[in-house]
Amino acid sequence: MMYLDNAATSPVLREVLEAMWPYLTADFGNPSSHHEVGEAAARGLAAARERIAAALDCRAAEIVFTSGGTEANNLAVKGIALAAPRGRQIVTTAIEHEAVLASCDYLRRYHGFEITLLPLGDGGLVDPDVVAAALRPDTTLVSIMHANNEIGTVQPIRAIADVARAAGVPMHTDAVQSAPWLEVGLRSLGVDALSISGHKLGAPKGSGLLAVRGAVPIEALLHGGGQERGRRSGTENVAGAVGLAEAIRLRGTVVGGGGEAVRRSRDAIIDGVLRVVPGAFLTGHRDARLPAHASFCFPGTSGEAVLLELERRGIVSSSGSACAAGSDDASHVLVALGIDDDTARTAVRFSLDSTVDEADAARVVSAVADAVAAVGSLR
C-alpha cells in the first residue's frame with residue numbers, strides 16, 4: 001500500500017515514540033506537582049518548550065501547548081479578538097480551515113464581529129495589496145493560513161504580515177500544513193501568532209501548539225489551574241509535548257533539503273495526470289504550492305468512487321479535508337475558487353511523504369488513469 005494522505009495525518013515516527021517513552025513510564029508525573037516525580041515531568045516539559053522555541057524563532061514563554069491545530073486556531077482567533085480588540089472587524093479568507101472560519105462565525109454571532117473575506121487571486125493566492133485595502137482603524141485581527149490543506153497553495157505570509165504590522169493589526173497564520181515542509185517561525189514569518197499540529201509532523205494526534213508573541217494579549221478559552229501561563233488551563237500532555245519537540249527537530253532534515261526530491265515527484269504526478277486523464281485539472285496554484293501536494297478535479301466522475309478504485313490499486317489518498325469526512329457538501333475551498341458543486345465533488349488530493357520517488361509517481365499516474373477510466377465506464 002502507498003499512503004498518500006499525509007495532509008490528513010502522518011505516521012508517528014519511531015524517534016518520536018522513543019523520545020516520549022520515558023514520560024509515559026518512569027517520568028509519568030504531573031508537571032505541576034512539587035515532588036521529584038512531578039519535577040522530572042516538569043523538566044521534560046520545559047526542555048521541550050525550549051527546543052520548540054528555538055526551532056520556531058521565538059521565546060520559550062511564547063509557546064502554548066494545545067491539543068492540536070484546531071484548538072490552537074480557536075485560541076488564536078477567539079483569544080486575540082476578545083483580549084484587547086481595536087474594534088469588531090476580522091480579516092480572513094473563505095478558504096481557511098474550518099477551525100478558523102467557525103471561530104470567526106462564533107465571534108460574529110455572539111460578539112458582534114464583522115468578518116471580511118478577502119477576494120482570491122490565481123489558485124487561491126491572496127494579494128498583500130488587497131489585504132492592505134481591507135484593513136480599517138477598527139480591524140482587530142488578520143488570520144490567513146500559510147498553506148492550504150486542500151489545494152496546497154502557499155500564501156506570501158511574510159508580505160501579508162508586513163502589511164498588517166504597518167497598520168498595527170495582529171496577524172495569525174495557520175501553519176499546520178506548511179510546518180512539515182517550509183520554514184516557519186514567529187519572527188521569520190513576521191506574524192504574531194502561529195498554529196501547529198503534531199500529527200502532521202510525525203508526532204501523535206492530540207499534540208499541538210500556538211506560538212504567540214508575548215506582547216500580544218490573549219484571552220484563555222480553557223480556565224482552571226492556570227497552566228501555560230494562564231493561557232491554557234489543564235494538566236499538560238508532557239509526552240505529547242516531548243514528541244512534538246522531537247518531530248519538529250526531525251522536520252529540519254526535510255526543510256533543509258529533502259523537500260526538493262519530493263517536489264520532483266509531485267511535479268511528475270501533476271504533469272502525468274494532466275497528460276493522461278482527459279478533462280482533469282489541477283486545483284490550487286501551480287507554482288506557489290506545497291512541495292508534497294497534488295490535488296485535482298476529475299469532471300464527470302465521483303471523487304469518492306475514484307478514491308475507492310485507487311485503494312483497490314494499493315494507493316490511499318483523500319478527497320480533501322479529513323475534517324469534512326462524511327459530509328456530502330462540496331468543499332468550501334473549491335467553491336470559493338469558483339468551482340461548481342458537482343465538479344468540486346470530483347476532487348482527489350495526494351499528499352506525499354519524503355520517501356515518494358519518481359518511480360512511485362509513475363505508479364500513481366498509471367493508477368489514476370485506470371481509476372478514472374473505471375469510474376467513467378460505470379456511468
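Predicted model: local features only at pLDDT ≥ 70, side-chain atom pairs only at ≥ 80, totals over all residues.
This briefing describes selected helices, strands and individual residues of the structure above. Strand β12 is largely enclosed by the rest of the structure, because five of its five residues are buried, while α3 and α4 pack with their axes 8 Å apart.

**Helix α4 and its surroundings**

- Helix α4 has 14 residues and reaches 19 Å from its first C-alpha to its last, which is close to the 20 Å expected at 1.5 Å a residue.
- The buried residues of α4 are Ala99, Val100, Leu101, Ser103, Cys104 and Leu107, and they pack against the helices α3 and α9 (332-336) as well as the strands β3 (89-92), β4 (114-117), β5 (139-143) and β6 (171-174).
- After α4 comes Gly112, whose phi is positive, near 75 degrees.

**Packing of α3 against α4**

- The angle at which α3 and α4 pack is about 35 degrees, with 8 Å between their axes, and their crossing is right-handed.
- By class, the contact of α3 with α4 has eight nonpolar, five polar and one charged residues.
- From α3, the residues Thr70, Asn73, Asn74, Val77, Lys78, Ala81 and Leu82 take part, and they meet Ala99, Val100, Ser103, Cys104, Tyr106, Leu107 and His111 of α4.

**His111**

- His111 lies in helix α4, which covers residues 98-111, and it counts as partly exposed because its relative accessibility is 29%.
- Leaving aside residues up to four places away in sequence, His111 touches Leu82, Arg88 and Tyr106.
- Between His111 and Leu82 the separation is 29 residues in sequence and 8.7 Å in space, taken from C-alpha to C-alpha.

**Strand β12 and its sheet**

- Three strands form an open sheet in the order β9-β10-β12, with antiparallel pairing; its edge strands are β9 (281-282) and β12, each of which pairs on one side only.

- Helix α2 (residues 36-55) has 20 residues and reaches 29 Å from its first C-alpha to its last, close to the 28 Å expected at 1.5 Å a residue.
- Within α2, the buried residues are Gly38, Ala40, Ala41, Gly44, Leu45, Ala48, Arg49, Ile52 and Ala53.
- Following α2 is Asp57, which has a positive phi of about 60 degrees although it is not a glycine.
- Asp57 is placed in the loop between α2 and β2 (63-66), and it counts as partly exposed because its relative accessibility is 34%.

**Glu228**

- Glu228 is a residue other than glycine with a positive phi, near 55 degrees, and its place is in the loop between β8 (208-212) and α7 (238-276).
- With a relative accessible area of 5%, Glu228 is buried, whereas Asp57, at 34% relative accessibility, is partly exposed.

Notes:
Residues numbered from 1 in each chain as written. Heavy atoms only, no water. Helix = DSSP H or I, 4+ residues; strand = E, 2+ residues; numbered from the N terminus. Buried < 20%, exposed > 50% of the residue type's maximum accessible area, 1.4 Å probe, protein only. Contact = heavy atoms within 4.5 Å. Expected span 1.5 Å × (residues − 1). Axes fitted to C-alpha atoms, helices over the stretch in contact; angles between N-to-C directions. Left-handed = near helix turned anticlockwise from the far one by under 90°. Nonpolar A, V, L, I, M, F, W, Y, C, P; charged D, E, K, R; others polar. Pairing = 2+ DSSP bridges.
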